[in-house]
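Student: I have a structure to look at, and I would like to learn how to read its features. Could you take me through some of them?

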Amino acid sequence: MTSPPHATLRYEPGTGRGLALILAGLTYRSDRPLLAMVAARAAVQGLARLRVDFSYADDPAFMAQEDEAQLARIEADGAALLGEALARSDGRPLWVAGKSLGTIAMGGMMAAPPARALWLWLTPSLRGTYLMERMVLCPGPSFSLIGSRDPSAALCREAAYQGLPGLHHVEIRGTDHGWTHEDGPAATAGAEADAARALAGWLLGVRDIY
């Protein structure tokens with residue numbers, strides 16, 4: 001299977017219990033803290049990790065396109081990456097995690113979401129996209145994380161978002177879209193730890209899925 005041209009894939013084997021597809025943001029790479037915590041939890045569970053970093057920001061032609069064309073391309077790439085993950089997981093449980101732009105790629109998977117999957121929407125990009133419409137189609141279970149200073153935080157507080165199927169939503173005070181805390185580096189590290197604890201606690205509650 002051919003990967004999308006803007007995607008760089010890195011595979012880390014597990015013990016055969018499933019696979020975690022980890023999707024970076026536009027400039028937030030897959031080894032950054034919010035995605036590293038997903039990889040760490042997946043490794044503990046014995047899942048292989050398929051990390052994806054994107055090079056859209058390095059492509060002037062892509063960046064010059066209208067928003068509609070960019071969103072369509074990212075969603076199509078997300079669908080292709082899901083196909084890659086399913087081929088590698090061989091029917092075993094799947095986690096799909098995305099940060100920011102990665103959540104838009106996840107939206108492209110909602111036309112045919114797989115069974116036995118966990119969905120991790122980290123700082124979902126709801127403003128100016130079709131992501132909310134796509135997330136309505138997600139069967140869950142889903143974990144959603146946002147910072148109180150994120151542009152999408154207000155949308156995440158609305159009843160329509162809070163009521164999405166199988167969604168568990170967490171908001172952490174003081175962090176922005178890049179997960180930088182307004183009170184400085186120590187507070188940023190604390191917010192990263194809070195996010196990791198919230199994710200670990202949620203995973204305990206849905207452990208029968210994997």
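Predicted model: local features only at pLDDT ≥ 70, side-chain atom pairs only at ≥ 80, totals over all residues.

Student: Phenylalanine 54 and tyrosine 56: are they buried or exposed?

Tutor: Both phenylalanine 54 and tyrosine 56 are buried. Phenylalanine 62 is buried as well.

Student: How do I describe two aromatic rings that pair up?

Tutor: You give the distance between the ring centres and the angle between the planes. Searching the whole structure turns up four aromatic pairs. One of them joins phenylalanine 54 and tyrosine 56, with centres 5.3 Å apart and planes at 25°, so the pair counts as stacked, the angle being under 30 degrees. Another joins tyrosine 56 and phenylalanine 62, at 4.7 Å centre to centre and 35° between the planes, and it is tilted. Through ring pairs, Phe54, Tyr56 and Phe62 are linked into a cluster.

Student: What sits over the ring of tyrosine 28?

Tutor: That is the charged end of lysine 99, 4.8 Å from the ring's centre.

Student: Where does threonine 129 lie?

Tutor: Look in the loop between strand 5 (117-122) and helix 5 (131-135).

Student: Why does threonine 129 count as buried?

Tutor: Because its relative accessible area is 19%, and the cut-off is under 20%. Leaving aside residues up to four places away in sequence, threonine 129 touches Leu71 and Ile104. A polar atom of its side chain also lies 2.6 Å from the backbone oxygen of serine 125.

Technical notes: Residues numbered from 1 in each chain as written. Heavy atoms only, no water. Phe/Tyr/Trp six-rings, centres within 6.5 Å; stacked < 30°, edge-to-face > 60°. Buried < 20%, exposed > 50% of the residue type's maximum accessible area, 1.4 Å probe, protein only. Lys NZ or Arg CZ within 6 Å of the ring centre and 35° of its normal. Helix = DSSP H or I, 4+ residues; strand = E, 2+ residues; numbered from the N terminus. Polar contact = N/O pair within 3.5 Å; in protein donor to acceptor, adjacent residues only side chain to side chain. Contact = heavy atoms within 4.5 Å.
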